[in-house]
Amino acid sequence: MRKNNLKACYEKKGFLKMEVLYQNLLNLDIKMIIMWAIGGLLIYLAIKKDMEPTLLLPMGFGAILVNLPLSGAITQPGMEEGPLSILYKAGISNELFPLILFIGIGAMIDFGPLLSNPMLMLFGAAAQFGIFFTLCTASMFFDLKDAASIAIIGAADGPTSIVVGQKLESNYIGAIMVAAYSYMALVPIIQPPIIKLLTTKKERTIHMEYTQKPVSKMTRILFPICITIIAGLIAPASVALVGFLMFGNLIRECGVLDSLSETAQKALANLVTIFLGITIASQMQAEQFLRLDTILILCLGLVAFIFDTAGGVLFAKLLNLFLKKKINPMIGAAGISAFPMSGRVVHKMALKEDPSNFLLMQATGVNVSGQIASVIAGGLILNFFLH
């Protein structure tokens, strides 16, 4: 009798499993399969092309995770909250993850090249042109707050995009986050053609002498404090963004928190990036993501990115009309906030044109100035639309 009961129980469980599988197959639609393909593409780019793997791999896997029928990873009607939905509320809807990540980014940045040549700040400012150009363009298709949130994609700064989009309560935060981080990872693919289109061979082979002036420890310590105060006075809404970035840099430069600085640069930044990537994927559900609006946002984000790059390059070419010692206009492209990818791209392009042309320090200086300029630009947009 007992054997018969066990057999009946196993048969019932097997039937229930088949029924669940059948129901899941009924709930599966073509949009979910498309999202699996998108997730697979992100994983491919992360592993095969080594494009920001700490970010794209969790995003890609998360996209598959949330697009399984009745996925338990996200909140479903009549069920308990899914873990990714909880992480989204705890870390992104209140901007906690991006701000913590800024501490790690700040700890990675050496402002020495910028402090040695403050003129490089101009390129960081010029490379934000795409943000405001795209704001005007996007306003033709979306309301102003959504247009502003979309435009900030051009900063190539994921944390800033999240904070601006959340504070402006954009209806397209998922698409904005995916676009911002995807374009950050695609810097090595997007920027070189734009730079080549806007420069000549002769311009790309311009050598720039670099003699880094000694920067005192006091200057390095005062710099993040002063930048925070100035940014706070100009754009109070940027205080959290700039402040966390500069706090991370202060940890690096103070000289008494070396172990904490190393933790912020490596363990903290990597851990938060992984959580950020897979949590962003919670907004990549097929019914929300596969819409014409999303495609338009991705296109506008690319426009912002292109015009930011072009703005930096063209500004350098403009300066060359008045300077005796010419600037290699490629360094202007490093004024976007994608640190340190954009600086490396410019350096590699210079070496490819002329193996004796080393632009790493100049490009890095412009790149870190772009990091500051992008968060201030985000703060200015918030100030304008929240007051």
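Reader: How much space lies in the largest pocket?

Author: Keep in mind that this is a predicted model. A pocket here is an open set of points, with protein on both sides. In this structure, the largest pocket holds about 750 Å³ of space.

Reader: Which residues are the closest to its centre?

Author: The lining has 29 residues, and Glu52, Phe339, Pro340, Met341 and Arg344 sit closest to the centre of the largest pocket. As for elements, those giving two or more residues to this lining are α3 (53-65), α5 (96-108), α11 (173-185), α16 (258-280) and α19 (341-353).

Reader: And how do the residues of that lining divide by class?

Author: You get 17 nonpolar residues, six polar ones and six charged ones in the largest pocket.

Reader: OK, now the second largest pocket. How much space lies there, and which residues are closest to its centre?

Author: Its space comes to about 490 Å³. There are 14 lining residues, and the ones closest to the centre of the second largest pocket are Asn117, Met208, Glu209, Tyr210 and Lys325. By class, this second lining splits into five nonpolar, five polar and four charged residues.

Reader: Does Met218 count as buried or exposed, and why?

Author: Exposed means over 50% relative accessible area. Met218 has 55% relative accessibility, so Met218 counts as exposed.

Terms used: Residues are numbered from 1 along each chain as its sequence is written. This is a predicted model: local features need pLDDT of at least 70, side-chain atom pairs count only at pLDDT 80 or more; totals for chains, interfaces and linings use all residues. Side-chain values use heavy atoms; hydrogens and water are left out. Buried means under 20% relative accessible area, exposed over 50%, partly exposed in between (1.4 Å probe, protein chains only). On a 1 Å grid over the protein atoms alone, a cavity is a set of points where a 1.4 Å probe fits but cannot get out, and a pocket is an open set with protein on both sides within 12 Å along at least five of seven lines; lining residues have an atom within 4 Å of a point. Grid points are joined across faces, edges and corners, and a volume is the space filled by probe spheres set on the points. Helices (H or I, at least four residues) and strands (E, at least two) are DSSP runs, numbered from the N terminus. Ala, Val, Leu, Ile, Met, Phe, Trp, Tyr, Cys and Pro count as nonpolar, Asp, Glu, Lys and Arg as charged, and the others, Gly among them, as polar.
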